[in-house]
Amino acid sequence: MSAGLEGVRPPEEWIRAAVDTPRGYGAMKRKEDARFVRGRGNYVDDVVLPGMLHGAVLRSPLAHARIVAVDTSAAEAHPKVRAVITGEALAGLGLSWMPTLSQDTEAVLATDKVRFQGQEVAFVVADDHYAARDALDLIDVEYEPLDPVVDATRALDEDAPVVRDDQDGRTTNHIFDWSSGDRAATDAVFAQAQARDDERVVTADILYPRVHPAPLETCGAVADMDPVTGKLTLWTTTQAPHAHRTLYAMVAGLPEHKIRVVSPDIGGGFGNKVGIYPGYVCAIVGSILTGAPVKWVEDRSENLMSTSFARDYHMRGEAAVTADGRLRAVRVHVLADHGAFNATAQPTAFPAGFFGVFTGSYDLEAAHCAVTGVYTNKAPGGVAYACSFRITEAVYLVERLVDVVAHDLGMDPAELRMRNLLRSDQFPYRSPTGWEYDSGDYPHTLQVALDKAGYDDLRREQADLRRRREAGEDVPLRGIGLAFFTEAVGAGPRRSMDILGLGMADGAELRVHPTGKAVLRVSCQSQGQGHETTFAQLVAAELGISPDDVDVVHGDTDQTPFGLGTYGSRSTPVSGAATAIVARKVRERARIVAAAMMEANPEDLEWSDGSWQVKGVAGASRTIAEIALAAHSNLELPDGVEGHLDATCVYNPPNLTYPCGAYVCVVDVDPGTGAVTVRRFVAVDDCGVRINPMIVEGQIHGGLADGIGMALMEAIAFDLDGNCLGGSFMDYLVPTALECPSWELGETVTPSPHHPVGAKGVGESATVGSPPAVVNAVIDALAPHGVRHADMPLTPAAVWSAMQGRPLRTDLAIR
Amino acid sequence: MEITVTVNGREVTRDVEPRLLLTHFLRDHLRLTGTHWGCDTTTCGACTVRLDGVPVKSCTVLAVMADGARVDTVEGLAAGMAETDLDPVQQGFVACHGLQCGFCTPGMLMTTRALLDRDPDPSPATIREAISGQICRCTGYENIVRAVRWAAEAEQQAATTTEVAR
């Protein structure tokens with residue numbers, strides 16, 4: 001081995017891991033990589049159709065203003081312009097407003113007012129992209145500026161301007177109040193804690209700032225309305241192709257069988273590509289008006305300023321604790337900034353997503369949260385960025401609060417967590433807010449992480465550094481941060497979870513061709529998660545064939561069964577379950593055919609070593625390939641058994657799955673500049689059975705980088721005029737290879753008892769779990785300076801200000 | 001303006017607007033869509049190609065600036081369509097799971113190929129420095145570092161084997 005290879009784990013270890021993994025799963029190279037490394041992926045912007053035109057969106061420069069007049073005459077006179085669409089024109093078609101995923105409405109193109117900077121005002125269709133952009137400059141919009149609502153904490157003030165005066169009778173910016181848990185029982189515990197000498201109440205105000213998923217591929221669409229057949233084909237960046245098709249049918253009144261949504265390769269999603277954006281609708285209208293295909297792809301600023309943001313939760317957390325460190329109850333109030341339109345993507349009955357899981361991984365007597373949602377003059381969205389429907393916010397709240405408790409009690413945060421974690425004998429565990437955790441061994445997972453990190457040694461090193469600092473040596477401030485998270489993914493049981501009335505079940509179809517090769521069709525949509533590989537492995541393991549012999553079809557509504565798509569870490573828990581079950585259905589069908597082939601009773605057959613074998617008869621066995629050929633042949637089959645070898649399945653999850661993990665982060669803070677360096681990051685994840693451990697680890701790596709980004713760098717802040725201060729990658733800083741350490745991963749495996757293969761989902765675990773670990777480490781480093789809490793992002797300026805006792809408000813540019 | 005550019009070894013002549021960006025010249029005029037566009041501000045590196053061997057971000061290079069130059073894109077990296085035809089950095093990215101959604105991958109490949117051309121044995125720290133102008137939102141970078149090390153070692157082994165064979 002050459003110099004400098006220290007810390008680089010050789011790929012061979014993955015191959016060994018594959019052998020040790022149950023069910024024949026294991027690391028294998030991804031099928032999709034062959035095209036990606038050759039530059040032969042097919043992303044939306046790569047789609048070129050004959051006669052295709054190009055669209056561009058004119059956006060509002062102001063956060064809040066009345067539209068007085070829109071003059072498009074000069075743009076229309078541009079020789080390359082084919083159409084200019086305004087809100088007024090859309091109103092004539094009944095399309096100027098569209099429903100959101102939270103049963104609100106959102107302007108497609110503004111008619112009365114603009115309500116956030118970057119809002120869509122007009123759409124130009126031209127011969128090429130450059131001409132379309134030129135024509136935007138020729139549109140003259142007269143605005144009457146209005147005072148904006150920028151500070152969410154002032155949105156409910158009596159004199160606050162009303163953002164949504166389009167809604168009849170609306171006089172405030174209040175959207176909803178939602179609560180969860182037993183308020184009376186929780187208040188009773190808090191009253192006791194306040195009254196007793198040996199108990200106390202610990203409070204912290206914690207902001208999870210507005211951030212943005214910022215996938216490297218922005219959002220876009222190519223709309224092609226065939227004027228003869230009336231069929232719309234829409235190539236688009238969507239994580240949920242089927243849901244989009246149904247919504248277009250409902251919104252635009254197009255017959256659903258005349259809509260085909262194709263989601264080709266997607267350059268990252270992270271929740272950003274769940275919703276329907278005005279640009280997609282404009283591209284469709286543009287194609288209808290011009291009779292030609294229309295491509296619209298937003299630029300980076302449009303992506304950051306107008307598409308679905310994440311978080312923006314202003315939280316007050318309270319913990320009732322005994323003096324010796326037993327957590328009794330947690331109480332939370334949240335002010336949720338939803339921007340100008342309530343367009344969060346979440347199950348209908350959950351206006352605050354799954355924030356109700358805020359009791360985290362701890363054994364509490366009682367808990368209660370109350371969430372108030374408000375409108376502001378900011379971009380709409382709210383649920384995105386790998387957040388598992390707001391479990392990111394919930395985990396950050398409770399993990400930060402637990403560290404504040406440790407600080408106030410003078411306890412070690414690892415010891416405090418170990419004392420309060422749920423025990424393995426409490427599973428299945430019903431939380432005080434009504435969630436049924438399926439499985440886990442939390443103390444074990446935490447112990448594995450502490451051992452892997454060398455926690456006691458880390459604390460000794462830290463104590464030594466602090467002594468040396470006090471003695472006047474120029475050494476950094478060392479911080480050690482922990483987080484333990486419980487995720488709730490795989491939404492969800494259709495009796496309680498739907499999006500706009502569509503139950504959250506997903507379909508799978510499996511067909512085995514006569515020569516034993518198989519094609520699987522699924523409703524979920526990969527944005528880089530490697531479904532073509534993992535799902536092929538799932539089928540292969542069930543049927544005893546090679547994953548190379550399974551083709552996975554996804555992302556085309558004309559070719560796949562209905563389902564709600566990929567977000568909330570639901571692909572493996574829901575579509576993966578559908579896949580395993582459909583493969584087992586095929587296997588059972590194969591059993592009957594095999595019995596006919598071998599003139600045996602189906603009950604006398606057993607599935608062994610990848611084939612159906614007659615029990616106790618050596619050599620009497622048939623593989624799936626042999627059975628498939630027979631099933632398509634003239635073999636006489638029992639009455640009631642059709643030929644061929646295929647099956648379908650719709651999987652309705654009986655419960656969510658509950659992955660967990662323990663993270664340890666080690667940072668150094670430069671006391672002179674406030675700059676944070678992440679020295680180490682240990683992540684021990686328990687996501688149940690791992691189908692392809694290589695892909696699982698890749699998912700975790702990506703989420704850990706997200707955590708460093710959110711904790712230290714990323715925020716969509718605003719000035720008091722409502723100007724977005726994070727509108728480019730020069731302002732919205734995401735981590736590069738230099739900010740990220742070499743990740744140190746470990747695992748524990750607690751299979752989900754109700755998932756067919758025991759898998760739990762992992763796509764968002766690390767994004768959920770890592771921000772509190774990083775922040776807890778930084779605050780731990782700052783303990784000698786008396787810092788108890790500071791809000792993300794912990795930029796050098798934010799850290800420095802916290803050290804001076806003047807913590808920054810990171811969501812607003814206020815001096 | 002008429003420009004002549006040697007793209008992946010093939011000389012092409014086109015009449016282009018002076019303001020046309022190199023990335024759009026490659027993507028829209030030559031249909032080489034492996035080069036991606038991600039940010040407009042020379043930040044993300046998804047559009048990285050090699051201009052006379054030097055990695056550049058083609059979203060902030062005008063096509064006319066490439067007149068008379070050699071431009072190499074991801075499409076020119078592999079010798080053919082067989083797996084064994086892949087450049088070692090391409091093989092390394094596949095072997096080490098150095099990509100997920102694939103959008104940053106072409107730029108990463110061009111940058112790291114250029115790195116190995118000038119430094120055949122880079123340390124992980126050197127690799128991180130080299131790709132610090134490239135953003136990846138999926139991988140957390142670790143497997144990209146491993147992929148480049150994989151390629152470096154594969155090329156060294158191949159060189160040693162060739163040496164022995166002589």
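This is a predicted model: local features need pLDDT of at least 70, side-chain atom pairs count only at pLDDT 80 or more; totals for chains, interfaces and linings use all residues.
## Two helices in chain A

Two residues are in contact if their C-beta atoms, placed from the backbone, lie within 7 Å. On one side, Ala590(A), Val593(A), Ala594(A) and Met597(A) belong to H15(A); they meet Ile624(A), Ile627(A), Ala630(A) and Ala631(A) in H16(A). Eight of the residues in this contact are nonpolar, while no polar and no charged residues take part.

Helix H15 covers residues 571–598 of chain A, and helix H16 covers residues 624–631 of chain A. Their axes come within 9 Å and cross at roughly 80°. An angle of 65 to 115 degrees counts as roughly perpendicular, and H15(A) and H16(A) are therefore roughly perpendicular to each other.

How many of the eight residues of H16(A) are buried? Seven of them are, so H16(A) is largely enclosed by the rest of the structure. The buried residues are Ile624(A), Ala625(A), Ile627(A), Ala628(A), Leu629(A), Ala630(A) and Ala631(A).

## Strand S7 of chain A and its partners

Strand S7 of chain A, residues 120–126, is mostly covered, since seven of its seven residues are buried. Strand S1 of chain A, residues 53–59, is joined to S7(A) by six bridges, and the two run antiparallel. Within this pairing, Arg59(A) stands opposite Glu120(A) in S7(A).

Strand S3 of chain A, residues 81–86, is also antiparallel to S7(A), with five bridges between them. Ile85(A) has Phe123(A) of S7(A) as its bridge partner, and Val81(A) stands opposite Ala126(A) in S7(A). Six of the six residues of S3(A) are buried, so S3(A) is largely enclosed by the rest of the structure.

## A proline in a loop

Pro61(A) lies in the loop between S1 and strand S2 (65–71) of chain A. Is this residue buried, exposed or partly exposed? Pro61(A) has 14 other C-beta atoms within 10 Å and is partly exposed. A residue counts as buried at 20 or more such atoms and as exposed at 12 or fewer.

Pro61(A) and Val114(A) are 53 residues apart along the chain, and their C-alpha atoms are separated by 9.2 Å.

## The sheet of chain B

Chain B contains an open sheet of five strands, in the order S2-S1-S5-S3-S4, with mixed pairing. Which strands stand at its edges? Strand S2 (10–15) and strand S4 (54–57) of chain B do; each has a single partner strand, so one side of each is left without a neighbour in the sheet. On average, neighbouring strands of this sheet are turned by 40° against each other, direction ignored.

Strand S3 of chain B, residues 48–51, pairs with S4(B) in the antiparallel sense over four bridges. In this pair, Val49(B) has Val56(B) in S4(B) as its bridge partner. Helix H3 of chain B, residues 105–118, packs on the sheet and touches S3 and S4 of chain B. The direction of H3(B) makes about 40° with that of S3(B).

## The two domains of chain B

The domain assignment divides chain B into domain 1 (2–76) and domain 2 (83–160). Taken over C-alpha atoms, the centres of these domains of chain B are separated by 21 Å.

Contact between the domains involves 13 residues of domain 1 of chain B and 11 residues of domain 2 of chain B. On the domain 1 side, S3(B) gives the largest share, three residues. By class, the side of domain 1 that touches domain 2 of chain B has six nonpolar residues, six polar residues and one charged residue.

## Where chains A and B meet

How many residues of chain A are in contact with chain B? There are 47, and they are in contact with 50 residues of chain B. On the side of chain A that touches chain B, the elements giving two or more residues are helix H2 (33–36) and helix H17 (693–712) of chain A. H17(A) gives the most to this side, with seven residues.

The side of chain A that touches chain B is made up of 22 nonpolar, 15 polar and 10 charged residues.

How values were computed: Residues are numbered from 1 along each chain as its sequence is written. Chains are lettered from A and ligands numbered from 1 in the order in which they are written. Axes are lines fitted to C-alpha atoms, for helices over the stretch in contact, and angles run from 0 to 180 degrees between N-to-C directions. Angles under 35 degrees count as roughly parallel, over 145 as roughly antiparallel, 65 to 115 as roughly perpendicular and the rest as oblique. Ala, Val, Leu, Ile, Met, Phe, Trp, Tyr, Cys and Pro count as nonpolar, Asp, Glu, Lys and Arg as charged, and the others, Gly among them, as polar. Two strands pair if DSSP finds at least two bridges between them. Domain bounds come from an automatic or database domain assignment.
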